[in-house]
Amino acid sequence: MNYLVGAFKLPCNIFISFADGRIRKQVPLKKENGKTVMVALFQSQESIVGEVVIEPVHRKKVEHNGVKIVLLGQIELYFDRGNFYDFTSLVRELDIPGELYERKTYPFEFSTVEMLYESYNGVNVRLRYILKVTISRDYVSNIVEYQEFVVRNYTPPPSINNSIKMEVGIEDCLHIEFEYSKSKYHLKDVIIGKIYFLLVRIKLKNMELEIRRRESTGSGPNTHVETETFAKFELMDGASVRGESIPIRLFLSPYELTPTYQNINNKFSVKYYLNLVLVDEEDRRYFKQQEITMYRLLETS
């Protein structure tokens with residue numbers, strides 16, 4: 001039995017590291033097995049520099065047909081699990097065919113890499129960036145090692161950020177106006193607004209403001225839509241009267257939000273909505289939904 005186990009052991013170990021790994025910011029990344037690991041954070045146009053170390057086990061000879069490292073940007077749709085769509089693929093050849101007897105170090109560099117899309121882990125889709133090292137071999141399987149990293153891109157505050165004004169009405173029963181101070185929010189922003197009751201002839205029991213994320217994957221008849229509610233904020237508990245106004249102040253920082261993503265590589269989109277929910281005393285629910293734009297502002301600290 002021991003011989004059988006030994007036959008499947010890899011003849012060498014591969015280690016991938018970043019040149020600035022000790023000082024580069026690390027962020028949590030949730031793996032497929034549910035565990036969270038800390039990985040390096042990059043943004044578009046940065047250079048990705050490091051080294052690959054290959055160490056034969058017990059100094060045994062490793063014959064190979066070359067060693068390469070590939071930087072991959074991939075999208076995986078969960079209804080097509082296991083099939084990755086590569087939107088970025090950059091290759092660096094590290095070694096020509098030969099033999100390895102001892103530990104060997106290979107430096108690598110991908111200069112000013114364009115990484116327009118952010119890393120994303122959603123309900124039905126995953127976008128990831130990885131470094132993949134492959135030792136090609138004859139007659140036996142290749143030896144492969146992966147190193148994942150996260151990409152986040154930052155946006156300056158918008159030059160135009162209009163307020164949102166909307167109405168909720170039920171003829172001769174209810175007329176409410178609500179406004180939010182702006183329509184575009186960064187991930188640590190505060191939603192500030194006000195609700196005005198102009199006509200109230202039904203008895204309202206409570207009112208909530210929800211933040212919803214809608215993730216759309218695929219296209220045409222194969223479109224999958226998932227809506228998640230990230231926050232529920234109670235605006236009112238009890239009856240309201242005509243002429244009353246209620247302030248809104250909702251902090252976004254406690255929630256794990258992402259920027260709005262529009263048609264990423266024709267595979268998926270992510271949109272955010274503010275959903276106003278009113279409930280009357282007979283538990284009838286009234287909704288008013290408004291799309292907002294989320295963006296990632298560069299953190300100063």
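## Aromatic cluster and ring pairs

One aromatic cluster is formed by F18, F42, F87, Y117, Y129 and F149. The model is predicted, so local features need pLDDT of at least 70 and side-chain atom pairs count only at pLDDT 80 or more, while totals for chains, interfaces and linings use all residues. Residues are numbered from 1 along each chain as its sequence is written, and side-chain values use heavy atoms, with hydrogens and water left out.

Across the whole structure, a search finds 11 aromatic pairs. One of these joins F87 and Y129 in an edge-to-face arrangement, with 5.7 Å from centre to centre and 90° between the planes. F87 belongs to strand 7 (residues 84-95) and Y129 to strand 11 (residues 125-135), so this pair ties together parts that are 42 residues apart in sequence. Y129 counts as buried because its relative accessibility is 0%. Rings of Phe, Tyr and Trp (its six-membered ring) pair if their centres lie within 6.5 Å; planes under 30 degrees apart count as stacked, over 60 as edge-to-face and the rest as tilted. Buried means under 20% relative accessible area, exposed over 50% and partly exposed in between (1.4 Å probe, protein chains only). Strands are DSSP runs (E, at least two residues), numbered from the N terminus.

## Charges over rings

Two tyrosine rings are described here together with a charged residue. The charged end of R214 is placed over the ring of Y273, 4.6 Å from the ring centre. K267 lies over the face of Y85, at 3.7 Å from the centre of that ring. A charge sits over a ring if NZ of Lys or CZ of Arg is within 6 Å of the ring centre and within 35 degrees of the ring normal.

An open sheet is built from three strands in the order 1-4-9, with antiparallel pairing. Strand 1 (12-18) and strand 9 (104-110) stand at the edges with a single partner strand each, so one side of each has no neighbour in the sheet. From one strand to the next, the twist averages 20°; for such angles, axes are lines fitted to C-alpha atoms, and values run from 0 to 180 degrees between N-to-C directions.

Strand 1 and strand 4 are joined in the antiparallel sense by seven bridges, and I16 has V52 as its bridge partner in strand 4. Seven bridges also connect strand 4 (residues 48-56) with strand 9, again antiparallel. In strand 9, V52 is partnered by Y106 and V53 by T105. Two strands pair if DSSP finds at least two bridges between them.

## The surroundings of C12

C12 is located in strand 1 and counts as buried, because its relative accessibility is 2%. I54 is 42 residues away from C12 along the chain, yet their C-alpha atoms are separated by 6.7 Å. Leaving aside residues up to four places away in sequence, C12 touches I54, E55, P56, V57, V62, I135 and I143. Contact means heavy atoms within 4.5 Å.

## Strands 6 and 7 and their hairpin

Strand 6 (residues 67-77) pairs with strand 7 in the antiparallel sense over 10 bridges. Within this pairing, I69 has R92 as its bridge partner in strand 7. The hairpin of strand 6 and strand 7 has six residues between the strands, and G82 takes a positive phi near 95° there.

## Positive phi outside glycine

Y139 has a positive phi of about 70° although it is not a glycine. This residue is found in the loop between strand 11 and strand 12 (143-151). With a relative accessible area of 88%, Y139 is exposed.

N263 is another residue other than glycine with a positive phi, near 45°. N263 lies in strand 20 (residues 261-264), and at 45% relative accessibility it counts as partly exposed.

## Two domains

The protein chain is divided into domain 1 (12-151) and domain 2 (164-295), with bounds that come from an automatic or database domain assignment. The C-alpha centres of the two domains lie 41 Å apart. To the contact between them, domain 1 gives 14 residues and domain 2 gives 16 residues.

Definitions and conventions: Helices (H or I, at least four residues) and strands (E, at least two) are DSSP runs, numbered from the N terminus.
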